[in-house]
Amino acid sequence: SANSSTYSGIIFGGGKGVGATATNGANSTVIVDGGRYQGLTIFGGCDINGTIGGKIDVEVGKTKTTKVGTVYGAGRNSVVTNATDSVFVHCYPNANIVNDVYNGGMQAGINGNNPRAVYIDGAIVSGNVYGGSYESGTLNLSNVYCYNGAIVAGDVYGAGYGNGANVTGNT
């Protein structure tokens, strides 16, 4: 949980995974609640490679005004495997996302048919909302919910942004 108003790096819910797989057999919960972190990028999964064995939950702005850069449910380059129970991104009414929100990762998808969704619950998103990944990575299904007065300045997509960021099942 980040509480410093000057933090502008990257938060990962999982490990780095350099030279070996970073494995977390439990849940990964990333909570950023309160503060202004415009340059902060949040990943619910691992960095280079790794596995989250439980569920992934990313929560932004649940009880306090929170401003962050970009939010990803999955990892940067690490695919979320079938070992992961679920991937959920929650942007609550106190959240202000400066850039985009993704259920997938930057260059990583989510394997399997485990539950996953992006919830824009009254939050402000200055960019776009994607049910998929950024550059590449396939998801088998995707759910995006915008409700409770949510404001999305850009567009809402069931799939991802780039070439190869696909959803092969239902959106």
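## Basis of the description

The model is predicted, so local features need pLDDT of at least 70 and side-chain atom pairs count only at pLDDT 80 or more, whereas totals for chains, interfaces and linings use all residues. Residues are numbered from 1 along each chain as its sequence is written, and side-chain values use heavy atoms, with hydrogens and water left out.

## The five-strand sheet

Strands here are DSSP runs of E with at least two residues, numbered from the N terminus. Two of them are said to pair if DSSP finds at least two bridges between them. Five strands form an open sheet in the order S3-S6-S8-S11-S14, and their pairing is parallel. Strand S3 (28-32) and S14 stand at the edges with a single partner strand each, so one side of each is left without a neighbour in the sheet. From one strand to the next, the twist averages 5 degrees; this angle is taken between N-to-C directions on a scale from 0 to 180 degrees, with axes as lines fitted to C-alpha atoms.

Within this order, strand S8 (residues 86-91) and S11 are parallel and share five bridges. Phenylalanine 88 has alanine 117 in S11 as its bridge partner.

## Pairing around strand S4

Strand S4 (residues 35-43) pairs in the parallel sense with strand S1 (residues 10-12) over three bridges. Here isoleucine 11 stands opposite isoleucine 42 in S4. S4 also runs parallel to S7, to which six bridges join it. The bridge partner of phenylalanine 43 is tyrosine 72 in S7.

## Arginine 116

Arginine 116 belongs to strand S11 (residues 116-121). Its relative accessibility is 1%, and therefore arginine 116 counts as buried (under 20% relative accessible area, with a 1.4 Å probe and protein chains only). Neighbours within four places in sequence aside, arginine 116 is in contact with residues including Val87, Phe88, Asn103 and Leu141; contact means heavy atoms within 4.5 Å.

## Two loop residues

Lysine 64 is placed in the loop between strand S6 (55-60) and strand S7 (66-72). Not counting residues up to four places away in sequence, lysine 64 touches Asp33, Gly34 and Asn94. Its C-alpha atom is separated by 9.0 Å from that of proline 93, which is 29 residues apart from lysine 64 along the chain.

Asparagine 148 occupies the loop between strand S14 (144-147) and strand S15 (151-152). Because its relative accessibility is 54%, asparagine 148 counts as exposed, a term for values over 50%. Although not a glycine, asparagine 148 has a positive phi of about 60 degrees. Most residues other than glycine have a negative phi.

Terms used
Helices (H or I, at least four residues) and strands (E, at least two) are DSSP runs, numbered from the N terminus.
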